[in-house]
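Me: I am new to this structure and would like to learn how to read its features. Could we take them one at a time?

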Amino acid sequence: MDMVKWAEKLMSMDEQSWSRHANPWSVYSRFSFMPLLSLAIWSREWVGYYCLVFILLCVLWVWLNPRLFSPPKDHNNWASKGTFGERLYLDRANQSLPAHHLVMAKALQWGAAIGLVFFIYGLWVLDIWVVILGNVWVMVFKAWFVDRMVWLYQDVKANKQ
């Protein structure tokens, strides 16, 4: 299963939302999702089933985020290049991409998935340190994935010139 492709379909990203998501504010602010979701799920201890409202707000945030910001004026930054690389990666069935990037991207996705195990377990048993470990683990692998997408974008762009 390709988690990135699945997420793109779930997010219903179109050309305009991808263009807006290339804004660094969109990319960086999405890193708030995991800590906010942690707090929303943990809040079940304080507000019971009303925590579902907070969880839905987190999901709404992650869906709205790529649509809230204007397209960037300058694309010469890490976040924009990462977004462009992710688009290339998602379209890999229709184009030839360097194999070393594809292997590493898959490895980073699986690395993030391992962090999700800690995240879910920590929230299940309400262990703050395991939740923090899961958050940091997932975000490090996500940032590493974006960095790999920057590299992919730059390699593809250089080969087209």
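Me: By class, how many nonpolar, polar and charged residues does the lining of the second largest pocket have?
Reply: This is a predicted model. The lining of that pocket has six nonpolar, no polar and one charged residues. Its members are Ile-41, Arg-44, Leu-116, Phe-119, Ile-120, Leu-123 and Trp-124.

Me: Which helix gives the largest share of the lining of the second largest pocket?
Reply: Helix 8 (residues 99–125) does, with five residues. The space in the second largest pocket comes to about 150 Å³.

Me: How are two packed helices described?
Reply: The description uses the angle between their axes and the distance between the axes. Here, helix 7 (residues 78–90) and helix 9 (residues 128–160) have axes that come within 7 Å and cross at roughly 75 degrees. Angles of 65 to 115 degrees count as roughly perpendicular, and helix 7 and helix 9 are therefore roughly perpendicular to each other.

Me: Which residues make the contact of helix 7 with helix 9?
Reply: On helix 7 they include Trp-78, Phe-84 and Leu-88, and on helix 9 they include Phe-145, Met-149 and Tyr-153. By class, the residues of this contact divide into 12 nonpolar, three polar and four charged.

Me: How many salt bridges does a search of the whole structure find?
Reply: The search finds one. Arg-87 pairs with Glu-15 in a salt bridge, with the closest N and O atoms 2.7 Å apart. Arg-87 lies in helix 7 and Glu-15 in helix 2 (residues 15–21), so the pair ties together parts that are 72 residues apart in sequence.

Key. Residues numbered from 1 in each chain as written. Predicted model: local features only at pLDDT ≥ 70, side-chain atom pairs only at ≥ 80, totals over all residues. Heavy atoms only, no water. Axes fitted to C-alpha atoms, helices over the stretch in contact; angles between N-to-C directions. Helix = DSSP H or I, 4+ residues; strand = E, 2+ residues; numbered from the N terminus. Parallel < 35°, antiparallel > 145°, perpendicular 65-115°, else oblique. Contact = heavy atoms within 4.5 Å. Nonpolar A, V, L, I, M, F, W, Y, C, P; charged D, E, K, R; others polar. 1 Å grid on protein atoms, 1.4 Å probe; cavity = no way out; pocket = protein on both sides within 12 Å on 5 of 7 lines; lining within 4 Å. Points joined across faces, edges and corners; volume = space filled by probe spheres on them. Salt bridge = Lys/Arg side-chain N within 4 Å of Asp/Glu carboxyl O.
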